[in-house]
Amino acid sequence: MILPPFELHNPNSIKEAIEISQKVKNEGFDYVSGGTDLLQNYKNRLNVKPHLISLKNIKETRSIQNFNIGAMVTLDEISKNKTLQKDFTGLVEACSQVGSILVRKTATIGGNVLIDNRCYFYNQTPFWRTSLGACLKAESDTCRVIPQKEYCVATFSSDSAPMLVAVDAKYELEGKNGKRIVESSDFYTHDGIKRNFKDESEIITKIKIPKTTANLKTGYEKIRVRDTFDYPLVSVAAALKIDKDKKIENINIVLGAIGTYPIKNEDTTDLFKGEKISNSMIKEISEKIQKKAQPYNNLTMPVSYRKKMVGVLCKRLLTRLTDS
Amino acid sequence: MSHTVGKKTPLVDGAQKVTGRAVYIDDIVLPGKVMLIGKILRSPFAHAKIKKIDYSKAKKLKGVYAIATAEDSDNRFGVLPITKDETAFAIDKVTFIGDQIAAVAATDEETAIKALDLIQVEYEELPPILKPEKSLAPISHPDQKIQPWSKYEGNIFKTVNQSFGNVEKALKKSSVVKNGKFSFNGVTHAFTEPMGVIASYGSDKKLTVWSSTQVPHYLHRALAEVMEMPMHRIKVIRPYVGGGFGGKSDPFPHEMAAAILSKKTGKPVKILFDRDEVFISNHGRHPTKTEMQMSATKDGEFTSLEIDALIDGGAWGSFGVITTYYNGVLSLGPYKIKNFNYNGNRVYTNKPASGAMRGHGAVNSRFAVETLIDEIAEDIDFDPCDLRIQNAYEPNSTTANGFRITSCGIKECIEKVKIASGWDKKFKQMPYGKGIGIGCGFYISGSALPINWERMPQSTVHVKIDFDGGVTVHSLAAEIGQGSDTVLAQCVGEVLKCDMSRIRIYSKNTDTAPIDLGSYSSRVTFMAGLAAKRAAEKIKKQILNAASKIMASPIENLELKNDRITELKTKSSISFNEAVREALHDSGALHGKGHYQAPNLNPGLPRVDELRGKESEKGAPMGGSHKGAAAGLSPSYSMGAYVCQLEVDAETGLVNVEKVWAAHDCGKALNPLAVEGQIEGCIHMGLGQALMESFDYNRNTGRIENPNFLDYRCIPPTMMPDVDVFMIESGDPEGPFGAKEAGEGPILPILPAVANAIYDAVGIRLRNLPMTPEKIISAIAKKK
Amino acid sequence: MTLIPFPSKKISKKIVEFNINNEIVELAIRPNDLLLDVIRYKLNLTGTKRGCDMGTCGCCTVIIDDKPVLSCLTLAMQVQDKKIKTIESLQENENMHPIQECFHTEGGSQCGFCTPGFIMTSFALLKENKNPTKEEIKEAISGNMCRCTGYIKIVDSIKKASEKIRGKKSE
């Protein structure tokens with residue numbers, strides 16, 4: 001499959017990239033880092049822009065310094081980072097389960113937190129979508145999942161983002177109006193098209209992880225049919241802090257691949273703070289979260305299964321973290 | 001001691017492959033920048049009348065050389081001469097999403113794609129017929145007929161009714177009767193190389209077609225019919241083929257389109273599929289609904305088997321007649337079942353055609369048979385392995401429908417895996433979640449009745465030796481990765497006892513190769529292997545005659561060994577080359593021709609009757625005289641038994657297959673490296689169909705839901721179990737050096753072995769494939 | 001039915017230098033040219049294969065700066081200053097590279113179409129890990145797809161190759 005035509009820009013710095021973005025903004029552009037996600041969509045003629053600004057030549061965002069991860073660090077590098085393996089195992093677990101090993105060698109963490117939402121009616125070839133009559137997220141004004149829906153319900157498919165949200169990580173953005181730092185949990189919209197509150201000109205430069213994360217037990221569980229290639233059918237990220245008496249000091253559980261954004265569950269988990277963690281409590285939390293979870297029918301496994309797996313994954317993950 | 005046969009032999013074309021030098025279809029570069037790129041316009045509707053095609057705008061686009069539609073050709077073709085229902089381009093109506101409407105030849109891919117965008121087609125949509133049950137019903141309006149020429153009622157493509165023995169009577173003496181409704185989603189080949197074709201119509205009015213195909217000969221025939229050209233003006237070249245598994249064993253419309261476009265433009269035209277087009281072309285395993293009933297006495301004697309199969313053929317016939325028979329008759333081994341009823345219907349639906357895929361026609365019914373056997377065993381308190389052994393055929397038996405079983409190592413297979421797996425200590429004794437299960441298989445070694453009922457041999461091989469002492473072997477058996485070139489080299493090398501480096505295989509070109517029907521129905525080792533062996537034997541005679549002259553000793557005293565000819569009494573010897581040169585003097589290159597024709601076929605069929613006694617064979621006659629007696633008839637049958645051990649995660653439904661013990665009776669493993677590779681590959685593919693592969697269609701539109709490798713899931717390396725392979729060598733009396741097939745049969749046992757192991761692990765019986773996690777957890781929940 | 005046309009935009013070619021298999025080549029390419037297409041169609045290095053076009057088969061794997069990369073998802077213009085290595089460069093004298101040899105002798109290649117991709121992935125693995133376990137090999141090749149072998153003989157081939165390479169080194 002050939003790619004549609006576009007101009008490619010290869011800036012050497014963030015600043016230069018943003019300048020280019022302002023020159024071509026009227027025509028439209030995308031930033032591209034690893035490209036493993038975006039180029040698939042481009043091949044399928046999905047929301048192709050006339051300009052592509054490649055971040056590959058930018059050196060300043062390529063390192064891991066303590067808990068600041070440059071956005072251009074690859075998922076494979078994160079999986080192998082000794083500090084993160086020790087102090088933020090959940091992120092390592094999440095990143096090492098993205099796509100296939102060959103994808104992870106190229107795909108970056110910045111790209112993964114911004115990965116396009118996926119839907120069975122969207123991630124298809126032009127011929128397929130022609131035959132379908134296209135969908136809300138690309139060429140049509142009708143959602144094929146829920147025809148009356150006014151916004152897109154494509155599934156949030158990042159593996160790393162739920163984990164980052166669970167530890168209250170921040171994203172450093174740089175754009176035409178300068179730098180800013182946003183809470184990862186406030187970053188995502190509920191719309192499968194818009195996806196997040198990033199200004200068009202902005203680039204994620206850094207993932208900032210709170211230092212306190214090292215004191216947490218973090219973990220990530222994902223259901224997929226194959227242990228490679230597959231995007232999550234449902235995923236759970238958890239960050240847990242329990243004291244000596246096994247009392248919960250802090251608990252965050254975030255679901256991925258259920259809705260259009262990483263779903264936090266504070267309403268449920270806050271109720272258990274200060275209580276002693278037990279198998280029965282884990283079961284209760286898991287059941288409550290499962291009950292609330294409402295997946296859309298737009299991936300290749302039935303909704304009923306994915307909903308059920310929310311509970312199973314929660315239970316397993318919390319048990320694993322408590323026992324570790 | 002054997003010379004090459006039985007030794008692990010790396011593929012003779014392997015060095016080219018591992019160095020990246022092997023030339024596949026998309027690697028072909030023709031001299032001069034003359035090649036045009038062809039692209040195909042496909043139907044977005046499953047069922048619609050074509051009212052109008054307007055390609056005037058597309059034709060005007062710069063860089064477009066030609067556009068072809070049904071105006072250019074309306075000749076029908078199809079792999080089976082009795083069911084030719086395909087055309088190069090849809091005529092008047094489209095019958096599935098992806099049906100080929102027009103094709104463009106342009107300077108490059110981008111121009112060709114843009115030209116497709118400019119072709120306007122007016123359709124009148126018809127309600128698609130997607131459920132096979134619906135296709136059984138009579139039609140009330142001619143528009144509902146998917147393929148108008150079919151002689152059956154409704155949208156039925158083929159009906160088979162067969163009955164042997166007396167099931168009713170058998171049931172009376174049976175103490176256990178098990179039945180079930182099974183359903184099998186379609187699966188597809190998923191070879192890694194997309195199909196592609198280059199056609200070049202020359203100024204000499206000759207046509208050359210390169211195609212990634214398993215059946216150059218059938219393509220040759222179809223091209224002749226579609227292009228209305230005599231076969232001698234057409235040459236088909238098969239480059240290296242990146243996997244087939246049955247998916248490249250039909251002549252295809254895109255091959256016709258390339259030929260038509262090349263003739264129109266006078267330039268070579270290449271059409272290379274995108275991955276979604278490969279899925280759209282499908283020809284994979286038929287989605288099937290099977291009702292089956294099996295009975296046995298309390299002493300463990302199988303008494304009867306009844307099968308009712310509804311087979312979803314999609315929009316074309318393909319190999320469908322054969323599929324319809326195979327779903328029944330291939331269940332008549334390896335167990336003695338004397339009373340049998342079969343009712344099979346293959347129907348047309350508005351979906352991409354189903355066709356032949358590894359284990360063609362046998363896989364789904366085999367799954368049902370083998371799981372029902374386990375249910376019977378449980379009821380009458382038999383060990384499943386012992387029950388199978390008790391009912392298994394002995395060598396030199398005849399099945400209820402007249403299949404002649406010669407070599408037969410099924411009992412040995414079962415015993416082997418039973419012991420190797422530690423069955424007696426595991427079955428029913430492992431903790432909840434862990435299980436072990438057995439399954440067996442039975443398959444043909446080539447079809448005794450050729451597709452075209454002619455007196456032409458099924459395989460012919462030429463062997464030639466010239467002054468350089470090199471042995472060239474000419475055949476049209478298609479090397480598609482299974483190692484057919486290597487096995488032919490071994491068969492020739494074994495006879496001539498020469499160094500393997502002397503032997504070169506030419507199997508790519510219809511101009512230079514004698515006809516071979518191609519690589520399907522697991523026929524090559526048996527049929528082409530025998531032809532190669534016979535051709536080499538003729539050469540050997542000429543060489544020995546020459547040696548006899550040089551050494552002044554009768555042939556009986558000469559021995560050919562390791563590239564030398566030795567006089568056994570004097571121990572003097574001459575080299576292979578010396579003898580060859582002597583034989584060449586005054587005559588030129590040595591030629592040997594060998595062929596294979598199945599022996600003594602079904603006497604009931606008039607055309608085939610002429611064949612009787614024409615080929616001198618030691619084999620006994622085979623086949624009955626009932627209608628369809630030749631279907632499934634093979635000169636030999638392979639069989640096998642696998643044990644599978646696995647763990648089921650009862651909460652997520654995910655299955656971890658830990659280990660497979662696989663015993664397959666291949667007669668004689670001519671190349672153990674290739675036989676093991678086939679068995680391991682079969683397990684990979686069978687596990688996929690058992691657990692995750694599924695060719696999904698939208699229920700309302702007939703659109704394929706997963707035309708890519710992300711959503712059509714094959715087993716990845718990380719999920720492949722360890723496999724212990726046991727090659728059981730029963731020594732086939734007729735096969736080359738005792739060999740029979742090992743390419744397709746080995747897929748059969750793994751699917752039921754998995755299902756039976758899942759039952760052992762968590763006590764559920766799933767009857768719908770694939771056994772996905774959600775089906776597994778719902779079944780577990782239901783049981784509780 | 002909604003027509004989804006191929007977008008039109010005039011773009012021009014640029015002369016670009018590549019370092020491929022230790023050779024510097026100059027090519028006129030377009031921004032939307034994929035590395036895979038440049039390797040196959042412009043440089044005629046057809047050992048690198050196109051299987052799925054979407055990063056799910058690994059047939060197109062090449063080595064870029066010691067890393068295995070899916071060339072079907074890589075823009076040619078993004079790798080100008082990098083070292084690209086394809087299957088054609090592995091053999092350096094009359095003998096095959098040990099990985100190639102082992103794929104050949106151990107049955108790691110059947111139809112051969114996925115083989116160059118697997119060999120390049122293995123090449124990168126064995127650079128990084130001289131003595132990988134079976135599990136590490138499986139993990140390393142889990143982005144490559146083979147439909148013939150069931151992967152078993154591929155794993156054997158890589159294992160054998162690692163032994164061979166280590167053996168040669170210690171001599």
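How many helices and strands does chain A have?

1. Secondary structure. Chain A has 13 helices and 12 strands. Bear in mind that this is a predicted model.

2. Overall size. The radius of gyration of chain A is 20 Å. The globule rule gives 20 Å for 324 residues, so chain A is as compact as a globular protein of that length. The C-alpha trace of chain A spans about 60 × 45 × 35 Å along its principal axes.

3. Burial and contacts. Of the 324 residues in chain A, 64% are buried. Take the contacts in chain A with a separation of 6 or more: 62% of them come from residues 24 or more positions apart.

4. Surface. Chain A has an accessible surface of about 11,900 Å². Carbon and sulfur atoms hold 48% of that surface.

5. Charge. Chain A carries 50 positive side chains and 38 negative ones. How far apart do the centres of the two sets lie? They lie 4 Å apart.

6. Domains of chain C. The domain assignment gives domain 1 of chain C as 14-89. Domain 2 of chain C is 98-170. The C-alpha centres of domain 1 of chain C and domain 2 of chain C lie 21 Å apart. The contact takes 16 residues from domain 1 of chain C and 13 residues from domain 2 of chain C.

Conventions:
Residues are numbered from 1 along each chain as its sequence is written. Chains are lettered from A and ligands numbered from 1 in the order in which they are written. This is a predicted model: local features need pLDDT of at least 70, side-chain atom pairs count only at pLDDT 80 or more; totals for chains, interfaces and linings use all residues. Side-chain values use heavy atoms; hydrogens and water are left out. Helices (H or I, at least four residues) and strands (E, at least two) are DSSP runs, numbered from the N terminus. The radius of gyration is taken over C-alpha atoms; the globule rule is 2.2 Å times the number of residues to the power 0.38. Buried means under 20% relative accessible area, exposed over 50%, partly exposed in between (1.4 Å probe, protein chains only). Contact means heavy atoms within 4.5 Å. Accessible areas come from the Shrake-Rupley method with a 1.4 Å probe; for residues, only the protein chains shown count as cover. Lys and Arg count as positive and Asp and Glu as negative; His and the chain ends are not counted. The place of a charge is taken as NZ of Lys, CZ of Arg, CG of Asp or CD of Glu. Domain bounds come from an automatic or database domain assignment.
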